[in-house]
Amino acid sequence: MITMSKTTDADGEFEIEFEIDGRTVEARPGETILEAADRVGIDIPTLCALEGLTNVGACRMCLVEVDGERLETACTTAAEEGMSVAMDTEALWDRRRTILELLFAEENHYCMYCEAEGDCELEDMFNRAGLDASRFPLEYPDRSVDTSSEWITMDLDRCINCGRCIRTCEEVVANDTLSFAGRGKETTIVADDDVPLADSSCIECGACVQACPTGALYGSASAYRGRTAECETVETTCTECSMGCALEVDTNSGRIVRIEGARDGEDGAQLCERGRFELLADGRERVDAASIHGEGAVDLEVALERASEALADADSVGAVASDRLPTETLVAFAEAMAAYDAEVAVPGTERVATEARIAERVAGELGTTASALRADGPEAVLGADAVVAFDTTIVDTHPIAAAYVRRAAKDGATLVGVDEDEDRFGSKSDVSIASGPAMRGVAARAVQLFEDGAEAFTDDRAGPLLQVVPALEDGTGVIVLGPGVDDEETIIDAYALAGMTDGVVLSLPDRANAAADGLIDTTVADTVDAAPDVAYLLAADDEGTDLDRLLPVARAADTVIVQATRESTLTRAADVVLPALDWFEREGTVTDASRAEGELTRVLEPRGPVDEDRAVLDALADPGEAPDEEVIEA
């Protein structure tokens with residue numbers, strides 16, 4: 001599907017009527033011929049147009065004849081009242097065939113050895129044009145393949161210079177890594193100043209890979225694993241951060257082939273490195289059986305009985321669950337641990353609960369509502385005149401949200417980065433404010449400026465703040481709170497600043513499932529306070545820093561029970577290990593940072609002895625009941 005041009009009002013009335021090959025078509029003012037044709041199912045050929053990108057007419061495939069007099073590119077020509085368009089004449093196809101033959105001749109498009117063979121838009125267009133060979137001598141330029149990146153391979157022998165990767169990097173991700181270099185036949189794609197991809201400013205989000213119509217850019221981990229037509233595609237929700245991006249997962253023969261962003265998703269097919277690539281390449285050993293320390297692998301029923309006994313005999317139980325789990329699993333976890341009077345915690349809940357309380361308090365003082373102070377989603381950033389980002393590490397922790405911020409800055413919004421260390425938005429920021437360890441005082445001083453005027457400031461922060469406040473006061477403002485903001489004073493000041501300037505707060509806590517807080521009263525804690533006799537840790541497939549949060553609890557406990565998907569330091573230290581599902585085996589729902597609920601759909605059937613995490617928890621909640629054999633396989 002082709003996107004609306006920037007001059008088109010997507011909600012506008014159909015005021016224009018014209019013809020394409022004799023068929024009457026309606027169009028909105030500013031809508032291009034290609035957009036109008038696509039909307040009614042007329043397939044005008046194109047290789048360079050892509051949903052969400054500016055149309056540039058680079059490939060010339062969409063040439064049409066207008067009013068029998070002139071040739072125009074349908075993707076850049078606005079529909080006009082009474083216009084007569086021809087797109088399927090033999091003369092036009094002759095032109096397209098010549099262009100296609102030249103494309104094949106100028107680069108190495110020998111399909112048999114190409115990763116995109118069978119999934120290539122150029123190959124499809126060649127077949128559609130009825131071509132099976134090129135009349136021109138094949139040049140086969142000798143361009144080296146860039147394999148420097150961990151996740152992305154760049155094989156420019158397959159490139160047709162459509163520019164989709166460049167426009168995606170500029171307009172969607174707003175990272176500006178890719179560009180054209182050279183002229184004429186020497187034109188090529190380069191990263192930054194023609195450096196290897198690994199040495200460039202590339203953030204390896206893979207948006208360029210999904211945009212590429214040929215095999216010039218592809219994901220290294222997915223290479224040659226299967227054609228899209230041979231795969232089953234399942235849409236689910238990413239839980240790597242609190243953004244809740246929509247994933248389209250292609251599977252073949254019981255394995256995951258590739259992960260892409262959903263084109264109809266709110267994030268415009270964007271994914272970050274973690275969601276697109278790292279989920280695909282988790283090489284850690286799977287927990288494929290229950291085990292008991294000193295005894296090795298045992299039947300699941302035996303391990304459950306040992307775990308139940310340890311929990312029942314304990315004077316104190318501390319239970320911590322991954323925040324990346326489905327809401328339904330977290331509810332079952334809370335209920336199971338309540339049976340043992342456990343102190344229950346889910347990392348990240350303190351920030352969410354604290355912020356909810358503060359938003360209600362500030363809203364009451366300002367005579368508004370808490371919901372009115374919150375952004376409906378990260379898309380709010382795109383319409384902002386000013387964006388103030390507290391904690392710019394969202395560049396790493398929430399890359400899609402960071403892309404929205406960069407896009408807003410490129411579109412003219414005033415961007416202010418507030419961080420105790422480096423402003424990660426760098427040159428994109430109009431103002432960078434170095435804050436104290438807890439980022440206290442910056443928003444408070446801005447609020448004070450409203451009340452007392454500029455004379456209230458005597459230190460060296462007065463200048464930057466004088467630039468910050470007018471930007472918020474004179475237009476639509478969005479205040480972004482990154483995961484590093486955890487002190488109440490900064491949160492209060494940020495919400496107060498939003499309320500006083502008719503702005504909104506976009507909160508991005510360092511957690512995935514925002515529904516975790518409020519499951520039971522005790523889940524407003526990030527971790528258990530006291531050293532418990534028994535620790536029950538539902539680690540699932542957590543790794544890295546997420547896993548590190550559980551290790552101190554395990555070290556403090558006398559007995560450790562771990563329910564996990566992958567082997568790790570935590571499972572090796574556990575007294576009892578229970579298997580858990582992997583991300584692609586789960587079902588349920590998650591709530592993102594915008595309080596929208598996303599669906600987790602099972603991508604592949606479970607490969608281990610557990611068919612459902614909740615069944616393990618239900619068995620622990622009622623130790624007198626035997627596990628459901630239909631849900632837990634022995």
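Contact here means heavy atoms within 4.5 Å. All views are of a predicted model.

**Figure 1. Val480 within the largest nonpolar core.** Leaving out residues up to four places away in sequence, Val480 touches Val387, Val388, Ala389, Phe390, Ile394, Val405, Leu506 and Leu508. The largest nonpolar core has 38 residues, and among these Ile259 and Val480 touch the most other members. Two or more residues each are given to this core by strand 11 (246-252), strand 12 (255-261), strand 17 (386-390), helix 10 (394-397), helix 11 (399-410), strand 20 (477-481) and strand 21 (504-507). Helix 11 supplies the largest share, seven residues. Another core, of 35 residues, lies apart from it and includes Ile292, Ala319, Val534 and Val610.

Figure 2. Helix 4 (residues 164-172) is largely enclosed by the rest of the structure, because seven of its nine residues are buried. The buried residues of helix 4 are Arg164, Cys165, Ile166, Arg167, Thr168, Cys169 and Val172. Their cover includes helix 3, strand 7 (178-181), strand 8 (188-191), helix 5 (207-211), strand 9 (217-219) and helix 11.

Figure 3. A salt bridge joins the side chains of Asp94 and Arg97, with an N to O distance of 2.9 Å. Both residues belong to helix 2 and lie three residues apart, about one turn of the helix. An α-helix has 3.6 residues a turn, so residues three or four places apart point the same way. Asp94 counts as partly exposed at 41% relative accessibility, whereas Arg97 is buried, with a relative accessible area of 19%. In a separate arrangement, the charged end of Arg96 sits over the ring of Trp93, 4.7 Å from the ring centre.

**Figure 4. Glu107 in the loop between helix 2 and helix 3.** Glu107 is located in the loop between helix 2 (90-106) and helix 3 (121-128). With 7% relative accessibility, Glu107 counts as buried. Beyond its neighbours within four places in sequence, Glu107 contacts Tyr140, Pro141, Arg143, Leu156, Asp157 and Cys159.

**Figure 5. The salt bridge between Arg566 and Asp282.** The structure holds 34 salt bridges. In one of them the side chains of Arg566 and Asp282 meet at 3.9 Å, N to O. This pair links distant parts of the chain, 284 residues apart: Arg566 lies in the loop between strand 23 (559-564) and helix 17 (569-573), and Asp282 in the loop between helix 6 (273-276) and strand 13 (290-292). Arg566 is buried, with a relative accessible area of 11%, while Asp282 counts as partly exposed at 21% relative accessibility; the boundary for buried is under 20%.

**Figure 6. The salt bridge between Arg361 and Glu365 in helix 9.** The closest N and O atoms of Arg361 and Glu365 are 3.6 Å apart, and the two residues form a salt bridge. Arg361 and Glu365 are four residues apart in helix 9 (residues 349-366), so about one helical turn separates them. Arg361 is partly exposed, with a relative accessible area of 48%, and Glu365 is exposed, with a relative accessible area of 60%. Elsewhere, salt bridges with shared partners join Glu240, Arg324, Asp541, Asp542 and Arg586 into one network.

**Figure 7. The aromatic pair of Trp583 and Phe584.** The structure holds three aromatic pairs. In the pair of Trp583 and Phe584, the ring centres are 5.5 Å apart and the planes meet at 85°, so the pair is edge-to-face. Trp583 counts as buried at 11% relative accessibility, and Phe584 counts as buried at 5%.

Technical notes:
Residues are numbered from 1 along each chain as its sequence is written. This is a predicted model: local features need pLDDT of at least 70, side-chain atom pairs count only at pLDDT 80 or more; totals for chains, interfaces and linings use all residues. Side-chain values use heavy atoms; hydrogens and water are left out. Buried means under 20% relative accessible area, exposed over 50%, partly exposed in between (1.4 Å probe, protein chains only). Rings of Phe, Tyr and Trp (its six-membered ring) pair if their centres lie within 6.5 Å; planes under 30 degrees apart count as stacked, over 60 as edge-to-face and the rest as tilted. A charge sits over a ring if NZ of Lys or CZ of Arg is within 6 Å of the ring centre and within 35 degrees of the ring normal. A nonpolar core is a set of buried Ala, Val, Leu, Ile, Met, Phe, Trp, Tyr and Cys residues joined through side-chain atoms within 4.5 Å. A salt bridge is a side-chain nitrogen of Lys or Arg within 4 Å of a carboxyl oxygen of Asp or Glu.
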